[in-house]
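Here's a quick briefing to read alongside the model. Have the viewer open, and click through the residues as they come up.

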Amino acid sequence: MSAALALGDDALVLSHRLGEWAGHAPVLEEEVALANIALDLLGQARVLLSLVGDEDELAYLREERAFRNLQLVEQPNGDFAHTIARQLYFSVYQHLLYERLAAGGGEFADLAAKAVKEVAYHRDHAEQWTLRLGDGTAESHERMQAGLEALWRFTGEMFQPVEGLDATGSGVDPEELESAWLSAVTGTVERATLTLPTGPRTGAWTAGAGRQGVHTESFGRMLAEMQHLHRSHPGASW
Amino acid sequence: MSSSTDWPLWEVFVRSRRGLSHTHAGSLHAPDAEMALRNARDLYTRRSEGVSIWVVASTEITASSPDEKDSFFEPAGDKPYRHPTFYEIPDGVKHL
């Protein structure tokens with residue numbers, strides 16, 4: 001499996017999920033922030049998928065089982081806190097990963113060096129909102145905790161070995177990445193007066209499943225919407 | 001926006017990378033100064049490198065009254081000696 005495909009699919013799918021917020025965010029300013037993050041991710045996806053083949057064909061003409069994204073990023077938006085929890089888990093991972101890729105000097109070094117600035121901002125945005133919701137009102141605290149709990153079981157997959165992303169040549173050691181991620185997320189969660197979930201992080205059947213093309217129920221519906229037009233008019237140029 | 005998310009208004013001043021001073025760029029709503037800065041960066045700078053942003057709660061700003069405009073700004077206009085208009089500016093002096 002190509003690591004570019006895995007990382008590109010992560011960015012593409014999360015970008016689409018964030019795009020679903022357009023017109024529905026709690027306030028106008030947050031609307032812009034989520035759209036900004038979605039645009040950054042889409043830009044990353046285009047570069048990564050172009051390394052693999054034709055970006056449009058890859059995005060619009062692959063079946064569900066051919067997508068290599070983490071199951072975490074395909075999870076539905078839920079409420080705002082749920083979206084922020086997903087964003088926190090993923091952007092901390094992505095930030096740590098890209099920092100290491102940029103320093104590692106492998107094939108992704110240049111791309112990661114560009115993307116790491118964007119991702120640092122995504123991470124900051126997610127952390128700021130985690131703090132505000134967690135340490136806000138009783139209701140926002142409860143919702144933020146619920147978001148962290150609901151998505152916790154998808155976080156183990158981020159540290160499954162990915163071919164081309166392991167310690168050989170890329171500078172990424174999954175175990176070291178995982179401990180850095182855990183300590184960063186734990187710090188933010190505790191500052192937000194929340195509790196780090198304690199459940200299992202890799203279910204028996206979900207361990208690395210997204211990376212192998214096994215996805216959760218809502219993903220097929222998401223793809224149907226995303227690919228509809230392209231499949232209706234194959235070969236058209238837009 | 002419902003009243004439960006009735007966030008205060010902030011005024012945004014931006015100094016562009018090559019600019020000399022902060023210029024009022026607009027305003028926005030945010031729950032606190034930290035978020036106001038981030039929102040201002042998204043809305044008014046498009047993340048250009050090397051810009052400086054100030055956010056000020058709108059309630060902190062005191063404005064001159066439009067009704068007092070005459071007494072406030074007029075009297076100096078007819079006294080040319082109050083204006084530095086009789087100086088030759090040497091070449092090479094920038095930003096005057």
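Reading chain B from the N terminus, the elements go β-β-α-β-α, which comes to two helices and three strands. Keep in mind that this is a predicted model.

**Chain B on its own**

- Chain B has 96 residues, and 24% of them count as buried.
- Take the contacts in chain B between residues at least 6 apart in sequence: 38% of them join residues at least 24 apart.

**Where chain A meets chain B**

- On the chain A side 15 residues are in contact, and they face 16 residues of chain B.
- The two chains bury about 1400 Å² between them, and carbon and sulfur atoms give 53% of it.
- Which three residues supply more of chain A's buried area than any other three? They're A:Glu29, A:Tyr121 and A:Arg132, and together they supply 43% of the area that chain A buries against chain B.
- For polar contacts, the count between chain A and chain B is seven residue pairs, both partners at pLDDT 80 or more.
- Two helices of chain A, H2 (28-52) and H6 (109-134), each supply at least two residues of the side that touches chain B.
- That side of chain A splits into six nonpolar, two polar and seven charged residues.
- The rule finds two salt bridges across this interface.

- You'll find B:Arg38 in helix H1 of chain B, which covers residues 33-45.
- One salt bridge pairs B:Arg38 with A:Asp124, with 2.4 Å between the closest N and O atoms.
- The side chains of B:Arg38 and A:Asp124 also count as a polar contact, again at 2.4 Å.
- Leaving out residues up to four places away in sequence, B:Arg38 touches A:Tyr121, A:Asp124 and A:Gln128.
- Is B:Arg38 buried or exposed? Its relative accessible area is 14%, so B:Arg38 counts as buried, since the cut-off for buried is under 20%.

**Salt bridges within chain A**

- Over all chains, the structure holds 15 salt bridges.
- One of them joins the side chains of A:Arg211 and A:Asp10, at 2.8 Å from N to O.
- What does that pair tie together? A:Arg211 sits in the loop between helix H9 (174-191) and helix H10 (217-232) of chain A, while A:Asp10 is in helix H1 (residues 3-19) of chain A, so the bridge links parts that are 201 residues apart in sequence.
- Both partners are buried: A:Arg211 has a relative accessible area of 6%, and A:Asp10 comes in at 1%.
- A:Glu20 and A:Arg17 make another salt bridge, their closest N and O atoms being 3.0 Å apart.
- In that pair, A:Glu20 counts as partly exposed at 27% relative accessibility, whereas A:Arg17 is buried at 5%.
- The side chains of A:Glu99 and A:Arg100 also meet in a salt bridge, this one at 3.9 Å from N to O.
- Here too the glutamate is partly exposed, with A:Glu99 at 37% relative accessibility, and the arginine is buried, with A:Arg100 at 17%.
- There's a network as well: salt bridges link A:Asp79, A:Glu139 and A:Arg143.

**A:Ala113**

- A:Ala113 belongs to helix H6 of chain A.
- With a relative accessible area of 37%, A:Ala113 is partly exposed, because values between the 20% and 50% cut-offs fall in that class.
- How far apart are the C-alpha atoms of A:Ala113 and A:Leu101? They're separated by 7.9 Å, and the two residues are 12 residues apart along the chain.

Technical notes
Residues are numbered from 1 along each chain as its sequence is written. Chains are lettered from A and ligands numbered from 1 in the order in which they are written. This is a predicted model: local features need pLDDT of at least 70, side-chain atom pairs count only at pLDDT 80 or more; totals for chains, interfaces and linings use all residues. Side-chain values use heavy atoms; hydrogens and water are left out. Contact means heavy atoms within 4.5 Å. Buried area is the accessible area (1.4 Å probe) that two parts lose on being put together, summed over both. A salt bridge is a side-chain nitrogen of Lys or Arg within 4 Å of a carboxyl oxygen of Asp or Glu. A polar contact is a pair of N or O atoms within 3.5 Å; within protein, one must be able to donate a hydrogen and the other to accept it, and residues adjacent in sequence count only if both atoms are side-chain atoms. Helices (H or I, at least four residues) and strands (E, at least two) are DSSP runs, numbered from the N terminus. Ala, Val, Leu, Ile, Met, Phe, Trp, Tyr, Cys and Pro count as nonpolar, Asp, Glu, Lys and Arg as charged, and the others, Gly among them, as polar. Buried means under 20% relative accessible area, exposed over 50%, partly exposed in between (1.4 Å probe, protein chains only).
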